[in-house]
Amino acid sequence: MSGVVVEWRGPAPFYFLPTDEKTSQEISEVRSELSYGWGVIPARVTIGSVTVTTSLIPRAGSFYIPLKNDIRIPNKISAGDEVNLTLEL
């Protein structure tokens, strides 16, 4: 999937890639089978040659994919960048 990276500024910046409508719907169909609480869903994300484990966060009808520094920095990803990734649930 692909999308535009958004930034949330709290005490420290966090970067997320919101899922597109099609992906959000596909995830919603299996959400109850995969969630380990509060609607959070474990996942693996690959960008370039880097793969990390993370958890999708439900938000406003989509899911936010956290882009940890382990995947963001080597791929030189910033807020506003268009990113292609592989998402595995």
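Buried here means under 20% relative accessible area, exposed means over 50%, and partly exposed falls in between (1.4 Å probe, protein chains only). The model is a predicted one, so local features need pLDDT of at least 70 and side-chain atom pairs count only at pLDDT 80 or more, while totals for chains, interfaces and linings use all residues. Residues are numbered from 1 along each chain as its sequence is written, and side-chain values use heavy atoms, with hydrogens and water left out.

Ser 62 counts as buried because its relative accessibility is 13%. Setting aside residues up to four places away in sequence, Ser 62 touches Pro 18, Thr 19, Ser 24 and Ile 57, a contact being heavy atoms within 4.5 Å.

Strand β6 belongs to an open sheet of six strands, ordered β2-β3-β6-β5-β4-β8 with antiparallel pairing; two strands pair if DSSP finds at least two bridges between them. At the edges are β2 and β8, each of which pairs on one side only. Neighbouring strands of this sheet are turned by 40° against each other on average, direction ignored. Further along, β4 and β5 run antiparallel and are joined by seven bridges, and Ala 43 stands opposite Thr 54 in β5.

Helix α1 lies across β4, β5, β6 and β8, at about 85° to β6. Such angles run from 0 to 180 degrees between N-to-C directions, with axes as lines fitted to C-alpha atoms, for helices over the stretch in contact. Thr 23, Ser 24 and Ile 27 of α1 are buried, and their cover includes β4 (41–47), β5 (50–59), β6 (62–66) and β8 (86–88).

Val 5 is found in the loop between β1 (2–4) and β2 (6–9). With a relative accessible area of 3%, Val 5 is buried. Beyond its neighbours within four places in sequence, Val 5 has contacts that include Tyr 15, Phe 16, Leu 67, Ile 77 and Val 83. Val 5 and Lys 22 are 17 residues apart in sequence and 17 Å apart in space, C-alpha to C-alpha.

Key
Helix = DSSP H or I, 4+ residues; strand = E, 2+ residues; numbered from the N terminus.
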